[in-house]
Amino acid sequence: MPTSRESRPRRYLVCEPRHFEVRYAINPWMRAEAPVDAALAGQQWETLMRAYRAHGHTVEHVPPVAGLPDMVFAANSALVVGGRVFGSSFHAPQRRPESTEYETWFKTAGYDVYRPESLCEGEGDLVPAGRYILAGTGFRTARAAHDEVQEFFGVPTIGLQLVDPYFYHLDTALFVLEEDAETGEANVAYYPEAFSSGSREVLRRLFPQAVIATRDDAMAFGLNSVSDGRQVFIAPQATGLIDQLTARGYVPVPVDLSEFRKAGGGIKCCTQEIRS
Ligand code: ARG
């Protein structure tokens with residue numbers, strides 16, 4: 001019998017896709033020959049926002065900036081834990097100005113922002129999971145940033161090596177299903193082949209109960225999902241994963257962000273969590 005899961009209301013930071021398009025290619029998903037349908041992208045994104053609000057979550061907006069087509073991927077701009085903001089330093093020159101835009105939003109909202117010295121793409125590669133922060137490296141975030149994260153938050157930070165260019169950010173290969181604030185226990189879903197063999201072993205040891213996704217579900221951006229502890233906002237194409245989550249007592253909420261996949265993004269990429 002699946003246990004009954006409890007959700008916790010979240011605060012999400014997002015950026016409307018007004019200027020979203022594929023203008024350059026900085027990951028294998030991006031191809032200028034497959035243009036984005038801007039109207040459809042806007043509708044898909046609004047559907048996600050409505051789904052968040054319908055489930056009791058708060059959504060805050062960073063104003064979109066012309067000339068920054070990837071700014072919609074809010075997750076990459078910071079990691080916020082305990083009301084403390086660890087900012088970003090992007091790998092691709094095209095995305096570097098985004099850091100300042102998000103920093104301005106945080107400062108106006110009353111937060112100090114720490115600017116990392118090493119390349120670091122926020123929640124794209126930094127994933128709080130109970131008593132740890134999981135930290136990806138290999139394509140974007142530098143290993144040295146993991147030390148800065150650990151030093152800044154004082155939370156044990158576990159480095160994980162990504163090896164497949166289709167899963168260039170940790171949040172394309174793994175997401176957190178639930179966390180217990182009291183015990184520090186957490187559970188995750190992930191695609192093992194996206195990681196080096198040593199990192200796979202680390203994940204196996206840390207999360208023996210994890211949901212293991214197939215390549216098809218991972219390629220459908222099924223691991224770029226957002227869980228509130230009960231509802232899992234997930235790509236509808238990740239059918240195998242949806243079945244597994246249902247069997248474990250989670251409630252999948254399918255939201256199709258197919259237009260954003262053309263830029264290598266999905267639900268989680270469009271969503272930064274502000275953890276107070
Ligand atoms: N085009 C963006 C990039 O390659 C997509 C970012 C997706 N964000 C994410 N959190 N995985 O940087």
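This is a predicted model: local features need pLDDT of at least 70, side-chain atom pairs count only at pLDDT 80 or more; totals for chains, interfaces and linings use all residues.
**Notebook: strands, ligand shell and annotated site**

I number residues from 1 along each chain as its sequence is written.

**β1 and its partners**

I looked up how β1 (residues 11-14) is joined to β2 (residues 58-61), and found 4 bridges between these strands, which run parallel; two strands pair if DSSP finds at least two bridges between them. The chain gets from β1 to β2 through helix α1 (residues 38-54), and this β-α-β crossover is right-handed, a term that applies if, with the strands pointing away from the viewer, the path from the first strand over the helix to the second runs clockwise. I also found β1 joined to β15 by 2 bridges, with the strands antiparallel, and here Leu13 has Gln272 in β15 as its bridge partner. As a reminder to myself, strands of a sheet pair through backbone hydrogen bonds, either parallel or antiparallel.

**The sheet β12-β13-β14**

I then traced an open sheet of 3 strands in the order β12-β13-β14, with mixed pairing. Its edge strands are β12 (226-227) and β14 (251-254), each of which pairs on one side only. Strand β13 (residues 231-234) runs parallel to β14 and is joined to β14 by 4 bridges; Gln231 stands opposite Val251, and Val232 stands opposite Pro252. Between β13 and β14 the chain passes through helix α6 (residues 239-247), in a β-α-β crossover that is right-handed.

**Around the ligand**

I listed the residues around the ligand, 16 in number, of which Phe73, Gly124, His169, Gly265 and Cys269 come nearest; a residue is near a molecule if its C-beta atom, placed from the backbone, lies within 6 Å of it. By class this shell has 6 nonpolar, 7 polar and 3 charged residues, where Ala, Val, Leu, Ile, Met, Phe, Trp, Tyr, Cys and Pro count as nonpolar, Asp, Glu, Lys and Arg as charged, and the others, Gly among them, as polar.

**The annotated pair**

I checked the record, where an unreviewed UniProt entry places the feature "active site" at His169 and Cys269; such annotations may be inferred rather than shown by experiment. The two span 101 residues in sequence, yet their C-alpha atoms are not more than 9.5 Å apart, so they gather at one spot.

I found His169 in the loop between β8 (157-161) and β9 (174-179), and His169 is buried, with 29 other C-beta atoms within 10 Å; buried means 20 or more such atoms, exposed 12 or fewer, and partly exposed in between. Beyond residues up to four places away in sequence, His169 touches Glu121, Gly124, Asp125, Gly136 and Arg140, contact being C-beta atoms, placed from the backbone, within 7 Å.

Cys269 lies in the loop between α7 (258-261) and β15 (272-273), and Cys269 is likewise buried, with 26 other C-beta atoms within 10 Å. Leaving aside neighbours within four places in sequence, I found Cys269 in contact with Phe73, Ala75, Asp171 and Asn224.

Note on methods
Two residues are in contact if their C-beta atoms, placed from the backbone, lie within 7 Å.
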